[in-house]
Amino acid sequence: MPSAAGEADVGNRTRGRRDGGAPRVGLLSLQGDFERHRETLTALGAASVRVSLPEHLHDLDALILPGGESSTMLRLLDATGLRAPVEAFVRTGPVLGTCAGLILLSRQADRLPAPTLGVIDITSSRNAWGRQVHSFTDSVHVAPLGDDVQGVFIRAPRITRVGRGVEVIATYGGEPVGVRQGVAVAIAFHPELTGDHRLHEWFLRDVAGLALQGRAGGSQ
Ligand code: GLN
């Protein structure tokens, strides 16, 4: 049943919050580069909420899983009791995973101490961009933006299988480096490190359907 604007449901229409405030976007803050995502959210006019305990997931409009070390994050998800509530949120709620966050969202990934969250039907291979070139920056085509962005790849995962219900939203050299399934988005590179906020803006506005006060642009 459709619900009134402002309810914490998942829809593809733009909606404000019932309290009239800025969208509340959770940032998984167990480990990794969540701080740079916070700066991006602030620039876009969204409120960021650090998520390190289950109660922090209350009343969020979207969630971001940052880059870092996916094996450590999975261990900490279990240690903090966050795994079950995070799994419950990402089953229906808008989620953006970058780099290690992509690994967490993958249905399958290699060499991990615990199962992934399995939200997006892809297989990812960790640290799979070659031995010498662990990190690099290059142009990535992002289809929903109709443009290229600078992709910062830091010991990034490779997407080795894309399931049928998954849309490829970003490519590098013809290879998928960004995917979307429903309201879940995963990106192999680090859009939070370049000052170009367009990918976050697209996720929040078009995928999560949130009304934002700020706009991307200008700083790239
Ligand atoms: N190599 C990391 C992992 O396997 C991901 C790197 C990153 O998030 N920048 O989890």
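The model is predicted; local features need pLDDT of at least 70, side-chain atom pairs count only at pLDDT 80 or more, and totals for chains, interfaces and linings use all residues. Residues are numbered from 1 along each chain as its sequence is written.

Strand 4 (residues 95–98) is covered on both faces: Val95 and Gly97 are buried on one side, Leu96 and Thr98 on the other. Strands (E, at least two residues) and helices (H or I, at least four) are DSSP runs, numbered from the N terminus. Buried means that 20 or more other C-beta atoms lie within 10 Å of the residue's own, exposed means 12 or fewer, and partly exposed is in between, with C-beta atoms placed from the backbone. Strand 4 runs parallel to strand 3 (residues 62–65), joined by three bridges, and Leu63 has Val95 as its bridge partner. Strand 4 also runs parallel to strand 12 (residues 184–187), here with four bridges; Leu96 is partnered by Val185. Two strands pair if DSSP finds at least two bridges between them.

Val95 also belongs to the largest nonpolar core, which has 61 residues; Val95, Leu105, Ala184, Ile187, Ala188 and Phe189 touch the most other members. Such a core is a set of buried Ala, Val, Leu, Ile, Met, Phe, Trp, Tyr and Cys residues joined through C-beta atoms within 7 Å. Beyond its neighbours within four places in sequence, Val95 is in contact with Ala62, Leu63, Leu65, Val90, Leu105, Val119 and Ala184. Contact requires C-beta atoms, placed from the backbone, within 7 Å of each other.

Val25 lies in strand 1 (residues 24–28). Val25 counts as buried because it has 27 C-beta neighbours inside 10 Å. Not counting residues up to four places away in sequence, the residues touched by Val25 include Leu41, Val49, Leu60 and Ile64. Leu60 is 35 residues from Val25 along the chain, yet their C-alpha atoms are separated by 5.8 Å.

Elsewhere, three strands form an open sheet in the order 5-6-9, with mixed pairing. Strand 5 (106–109) and strand 9 (158–162) are its edges, each pairing on one side only. Strand 6 (residues 120–125) pairs with strand 9 in the antiparallel sense over four bridges, and Ser125 stands opposite Arg158.

Strand 7 (residues 135–142) has two antiparallel partners. Eight bridges join strand 7 to strand 8 (residues 147–154), and two join strand 7 to strand 10 (residues 167–172). His141 takes part in both pairings: this residue stands opposite Asp148 in strand 8 and has Thr171 as its bridge partner in strand 10. The hairpin of strand 7 and strand 8 has four residues between the strands, and in it Gly146 takes a positive phi near 60 degrees.

Helix 5 (residues 198–207) is mostly covered, with seven of its 10 residues buried. These are Leu199, His200, Glu201, Trp202, Phe203, Leu204 and Val207. After helix 5 comes Gly209, with a positive phi near 70 degrees.

Terms used
Two residues are in contact if their C-beta atoms, placed from the backbone, lie within 7 Å.
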